[in-house]
Amino acid sequence: MKSLLSVIALAGLVASVSANFCFVCSTRDDTACLNPEGTLLMRDCVGENNNTCFTRIVNREVERGCLATLTVADMSSCNTDTVCELCHDVSNQGRCNGAIFPEHRLQCHQCSGTTNDTCGQEITSPARLCRFFDVQDQCFVRVVGDRVERGCLSESDACRTEQQNCHLCDGHGCNFRHYDDAAMSIMVSVKTLAMALLAAVAYGSFRQ
């Protein structure tokens with residue numbers, strides 16, 4: 001009986017030493033991978049470097065996993081703060097690759113509704129991480145008729161292709177203003193541009 005207990009204890013010790021966890025996920029399949037919590041997305045890593053995890057950007061999506069699953073070429077290129085980074089799960093807690101990546105990626109207010117509901121008012125709730133990573137990403141407020149939409153430019157086909165109804169801004173949560181304020185900013189920008197064009201035309205005529 002004593003020997004059996006010893007075998008069980010030894011097996012448990014080996015399991016605890018060999019178990020090295022990383023978050024293994026991609027935002028292509030689960031947006032929770034943007035900022036993973038708990039243990040649902042954790043997996044035990046096997047093979048060499050099994051206590052090393054990675055986080056990287058692939059086609060604007062976040063991907064997390066075990067270093068051993070990467071190719072040699074991918075391993076060698078995993079050394080930049082905004083493309084790919086490695087971490088060592090020294091304490092076997094499996095959380096070393098769970099941080100927001102890149103650290104300062106954009107956060108915007110994201111909602112849709114009418115001008116009379118919450119999305120049309122000034123937003124006081126926290127901004128949310130943009131799904132896609134784009135170094136030139138911006139936040140937007142789009143107003144069409146009585147419909148209001150807020151979000152990340154990288155996720156909006158409408159604002160990327162047709163900006164006349166979209167107010168763009170830079171910085172975390174910058175698209176918080178009441179929809180009237182956003183619309184007014186658009187009108188002021190258009191008016192300023194028109195005045196600048198008229199002034200340029202007038203100056204050109206004067207030079208002639």
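These questions and answers walk through a predicted model, from its strands to its disulfides and salt bridges.

Q: Is strand 4 mostly covered or mostly uncovered, and how many of its residues are buried?
A: Strand 4 spans residues 52-58. A residue counts as buried when its relative accessible area is under 20%. Strand 4 is mostly covered, and the buried count among its seven residues is six.

Q: Which residue in strand 6 is the bridge partner of F54?
A: Strand 4 and strand 6 run antiparallel. Five bridges join them. In strand 6, F54 is partnered by L86.

Q: How many residues lie between strand 4 and strand 5 in their hairpin?
A: N59 is in the loop between the two strands. R60 has its place in that loop too. The hairpin of strand 4 and strand 5 has a turn whose residues number two.

Q: What is the phi of N59?
A: N59 sits in the turn of the hairpin. N59 is exposed, because its relative accessible area is 71% and the cut-off is over 50%. Its phi is positive, although N59 is not a glycine, with a value near 50 degrees.

Q: Is R60 buried, exposed or partly exposed?
A: R60 is not a glycine, yet its phi is positive, about 75 degrees. Its relative accessible area is 33%. Partly exposed covers values between the buried limit of 20% and the exposed limit of 50%. R60 is therefore partly exposed.

Q: Which residue has its backbone nitrogen 3.0 Å from a polar atom of the N97 side chain?
A: N97 lies in the loop between strand 6 (84-88) and strand 7 (107-108). N97 is buried because its relative accessibility is 2%. Its contacts include C22, C53, F54 and G65. The backbone nitrogen at 3.0 Å belongs to F23.

Q: Is the peptide bond from F101 to P102 cis or trans?
A: P102 lies in the loop between strand 6 and strand 7. The omega of the bond from F101 to P102 is near -15 degrees. That peptide bond is cis.

Q: How many residues apart are C45 and C66?
A: C45 and C66 form a disulfide, with sulfur atoms 2.0 Å apart. C45 is in the loop between strand 3 (42-44) and strand 4, while C66 is in strand 5. The pair links distant parts of the chain, and the separation in residues is 21.

Q: Is the disulfide of C108 and C139 left-handed or right-handed?
A: The sulfur atoms of C108 and C139 are 2.0 Å apart. C108 lies in strand 7 and C139 in strand 10, so the pair ties together parts 31 residues apart in sequence. Both C108 and C139 are buried. The torsion about their S-S bond is about -85 degrees, so this disulfide is left-handed.

Q: What is the handedness of the disulfide of C169 and C174?
A: C169 and C174 form a disulfide. C169 is buried, at 12% relative accessible area. The S-S torsion of the pair is about 85 degrees, so the disulfide is right-handed.

Q: Which residue forms a salt bridge with D74?
A: D74 lies in helix 2 (residues 72-76). D74 is partly exposed, at 26% relative accessibility. The closest N and O atoms of the bridge are 3.3 Å apart, and the partner of D74 is R56.

Q: Which residue meets R131 in a salt bridge?
A: R131 is in the loop between strand 9 (128-129) and strand 10. Its partner is in strand 5, 70 residues apart from R131. The N to O distance is 2.7 Å, and the partner is E61.

Q: What is the N to O distance in the salt bridge of R160 and D157?
A: R160 and D157 both belong to helix 3 (residues 157-161). They are three residues apart, which means a separation of about one helical turn. D157 is exposed, whereas R160 is partly exposed. Their side chains meet at an N to O distance of 2.5 Å.

Conventions: Residues are numbered from 1 along each chain as its sequence is written. This is a predicted model: local features need pLDDT of at least 70, side-chain atom pairs count only at pLDDT 80 or more; totals for chains, interfaces and linings use all residues. Side-chain values use heavy atoms; hydrogens and water are left out. Helices (H or I, at least four residues) and strands (E, at least two) are DSSP runs, numbered from the N terminus. Buried means under 20% relative accessible area, exposed over 50%, partly exposed in between (1.4 Å probe, protein chains only). A polar contact is a pair of N or O atoms within 3.5 Å; within protein, one must be able to donate a hydrogen and the other to accept it, and residues adjacent in sequence count only if both atoms are side-chain atoms. Contact means heavy atoms within 4.5 Å. Two strands pair if DSSP finds at least two bridges between them. A disulfide is a pair of cysteine sulfur atoms within 2.5 Å. A salt bridge is a side-chain nitrogen of Lys or Arg within 4 Å of a carboxyl oxygen of Asp or Glu. Lists of a residue's contacts leave out its neighbours within four places in sequence.
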